[in-house]
Amino acid sequence: MKCTTCFHQCEIPEGGRGFCRARICENGKIRPENYGCLTSLALDPIEKKPLYDFHPGSLILSAGSYGCNLRCPFCQNYEISQENLHGRSLYVSPEQLVEEAKKYVPAGNIGIAFTYNEPMIGWEYIRDTAKLAKENGLQVVVVTNGTASQEALEEILPYVDAFNIDLKGFTDPVYQSYAGSLEQVKAFIERAARDAH
Ligand code: SF4
């Protein structure tokens with residue numbers, strides 16, 4: 001089966017997993033094995049996302065899973081982004097994560113950030129959690145390498161208040177050395193920016 005979540009367009013055999021190590025083929029369907037499987041959860045300053053003009057001075061509950069579709073040699077989160085941590089992560093449902101975020105509102109939390117690994121390889125979890133977060137008056141932030149497909153981006157766009165899209169370089173060779181795609185990132189930024197206000 002073909003995964004269309006990002007530019008790699010992996011052909012995954014039954015029982016196999018894609019390049020990102022987080023999406024698998026099971027019973028003839030591609031699914032995010034890392035759905036709700038958190039490896040990291042922290043109440044971070046918004047400036048650590050880093051976002052400087054979005055609710056400055058606030059905190060945001062930041063959640064990460066495992067897996068990534070790039071291979072950057074300078075990754076600071078490689079322990080969680082480059083390993084299959086299924087079975088060593090904690091399952092947190094969208095409802096539980098939203099309840100956790102609400103608990104910290106009195107302490108200055110404004111919402112939920114999807115970050116640490118590449119969150120868009122599990123866009124279904126972002127979509128389900130972010131929808132619920134918006135219903136509960138929370139802000140939603142996505143920190144991404146911007147290499148997901150336009151289809152995946154459209155699924156989450158209505159629920160996202162701010163993105164940090166990491167443009168890592170300006171040439172194709174730079175992106176090729178990270179197993180990435182400059183064109184995909186440019187298209188992602190262009191589409192996300194069109195909805196910015
Ligand atoms: S999200 Fe993962 S499985 Fe899907 S195309 Fe990208 S690298 Fe391959």
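Let's start with contacts: of those with a separation of 6 or more in this chain, 64% are between residues 24 or more positions apart. Keep in mind, everyone, that this is a predicted model.

What are those contacts built from? The chain has six helices and nine strands. Its radius of gyration is 16 Å, close to the 16 Å from the globule rule for 197 residues, so the chain is as compact as a globular protein of that length.

Of the 197 residues, 52% are buried. The accessible surface comes to about 9,500 Å², and carbon and sulfur atoms hold 53% of that.

Which of its residues are buried? They are Leu182, Gln184, Val185, Phe188, Arg191 and Ala192. A quick reminder here: an α-helix has 3.6 residues a turn, so residues three or four places apart point the same way. With that in mind, look at Val185, Phe188 and Ala192, which are among the buried residues of helix 6. And what covers them? The cover for the buried residues of helix 6 includes strand 8 (139-144), helix 4 (150-156), strand 9 (162-165) and helix 5 (172-177).

Helix 3, residues 123-135, passes the length check too: 13 residues should span 18 Å, and the end C-alpha atoms are 18 Å apart. Its buried residues include Trp123, Tyr125, Ile126, Thr129 and Ala133. After helix 3 comes Gly137, with a positive phi near 75°.

The peptide bond from Lys49 to Pro50 is cis, with omega near -15°, and Pro50 sits in the loop between strand 4 (40-45) and strand 5 (59-64).

Gln9 has a phi of about 50° and belongs to the segment before strand 1 (23-26). Tyr116 has a phi near 75° and lies in the loop between strand 7 (109-114) and helix 3.

Are these two buried or exposed? Gln9 is partly exposed, at a relative accessible area of 30%. Tyr116 has 19% relative accessibility, so this tyrosine counts as buried, the cut-off being under 20%.

Note on methods:
Residues numbered from 1 in each chain as written. Predicted model: local features only at pLDDT ≥ 70, side-chain atom pairs only at ≥ 80, totals over all residues. Heavy atoms only, no water. Helix = DSSP H or I, 4+ residues; strand = E, 2+ residues; numbered from the N terminus. Rg over C-alpha atoms; globule rule 2.2 N^0.38 Å. Buried < 20%, exposed > 50% of the residue type's maximum accessible area, 1.4 Å probe, protein only. Contact = heavy atoms within 4.5 Å. Areas by Shrake-Rupley, 256 points an atom, 1.4 Å probe, with all protein chains shown as cover. Expected span 1.5 Å × (residues − 1).
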